Amino acid sequence: MLQEFRDFALKGNLIELAVALVLALALTTVISSLVDHILMPIVGIIVGEPSFDFLTWEIGDGVIRYGSFITAVVYFLLVAAALFFAVVRPYNALRARQASGDEPEAPEPEAPEPEELVLLRQIANNTGR
């Protein structure tokens with residue numbers, strides 16, 4: 001059982017997945033900082049405040065904070081845009097550049113002639129045709 005666990009824990013895919021998770025968490029911190037400290041203040045300059053949390057709707061004693069939802073949607077859109085322009089576009093451009101720089105594919109070798117055709121040619125050559 002210990003051997004089986006060691007084989008599972010030390011598989012290459014598991015290690016790669018762990019590294020990817022750590023890098024994703026680090027990237028999350030960077031993107032969150034970009035959105036919190038750069039993009040949301042720009043929204044504040046445009047709209048007047050960097051957050052819409054002040055928008056509420058009071059019904060009796062209850063308060064519906066729809067501004068918090070709007071802030072969350074704007075935050076999500078800014079995170080998605082930051083990821084797209086900072087990670088996805090450069091990655092796609094790199095892959096396209098690598099694909100176009102690859103060596104041209106070698107032509108496929110012609111399929112060998114069927115053995116019957118070769119034998120018929122030999123017979124025809126031997127009979128003088």
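How many positive and negative side chains does the chain have, and how far apart do the centres of the two sets lie? There are 8 positive and 16 negative side chains, and the two centres lie 6 Å apart.

The model is predicted: local features need pLDDT of at least 70, side-chain atom pairs count only at pLDDT 80 or more, and totals for chains, interfaces and linings use all residues. Residues are numbered from 1 along each chain as its sequence is written, and side-chain values use heavy atoms, with hydrogens and water left out.

**Overall form**

Four helices and two strands are present in the chain, in the order α-α-β-β-α-α from the N terminus. The radius of gyration is 32 Å, well over the 14 Å that the globule rule gives for 129 residues, so the chain is more spread out than a compact globule. That radius is taken over C-alpha atoms, and the rule is 2.2 Å times the number of residues to the power 0.38. Helices (H or I, at least four residues) and strands (E, at least two) are DSSP runs, numbered from the N terminus.

Along the principal axes, the C-alpha atoms fill a box of roughly 105 × 50 × 35 Å. The accessible surface comes to about 11,200 Å², and 65% of it belongs to carbon and sulfur atoms. Areas come from the Shrake-Rupley method with a 1.4 Å probe; for residues, only the protein chains shown count as cover. Of the 129 residues, 9% count as buried, where buried means under 20% relative accessible area, exposed over 50%, and partly exposed in between (1.4 Å probe, protein chains only). Among contacts (heavy atoms within 4.5 Å) with a separation of 6 or more, 37% join residues 24 or more positions apart.

**The largest nonpolar core**

Eight residues make up the largest nonpolar core: Ile31, Val35, Met40, Val43, Phe52, Leu78, Val79 and Ala82. The elements giving two or more residues to this core are α2 (12-47) and α3 (66-101), and α2 provides the largest share, four residues. Such a core is a set of buried Ala, Val, Leu, Ile, Met, Phe, Trp, Tyr and Cys residues joined through side-chain atoms within 4.5 Å.

Ile31 and Val35 are both found in helix α2. Ile31 is buried, and so is Val35. Beyond four places in sequence, Ala82 touches Ile31, Leu34 and Val87.

| Residue | Relative accessible area | Contacts |
|---|---|---|
| Ile31 | 6% | Val79, Ala82, Leu83 |
| Val35 | 0% | Met40, Pro41, Tyr75, Leu78, Val79 |
| Pro50 | 43% | Met40, Pro41, Gly44 |

Pro50 counts as partly exposed and has its place in the loop between α2 and β1 (57-59).

**Separations in sequence and space**

Ile31 and Ile15 are 16 residues apart in sequence and 24 Å apart in space, C-alpha to C-alpha. For Pro50 and Ala24, 26 residues apart in sequence, the C-alpha distance is 26 Å.

How values were computed:
Lys, Arg positive; Asp, Glu negative; His and termini not counted. Charge placed at Lys NZ, Arg CZ, Asp CG, Glu CD.
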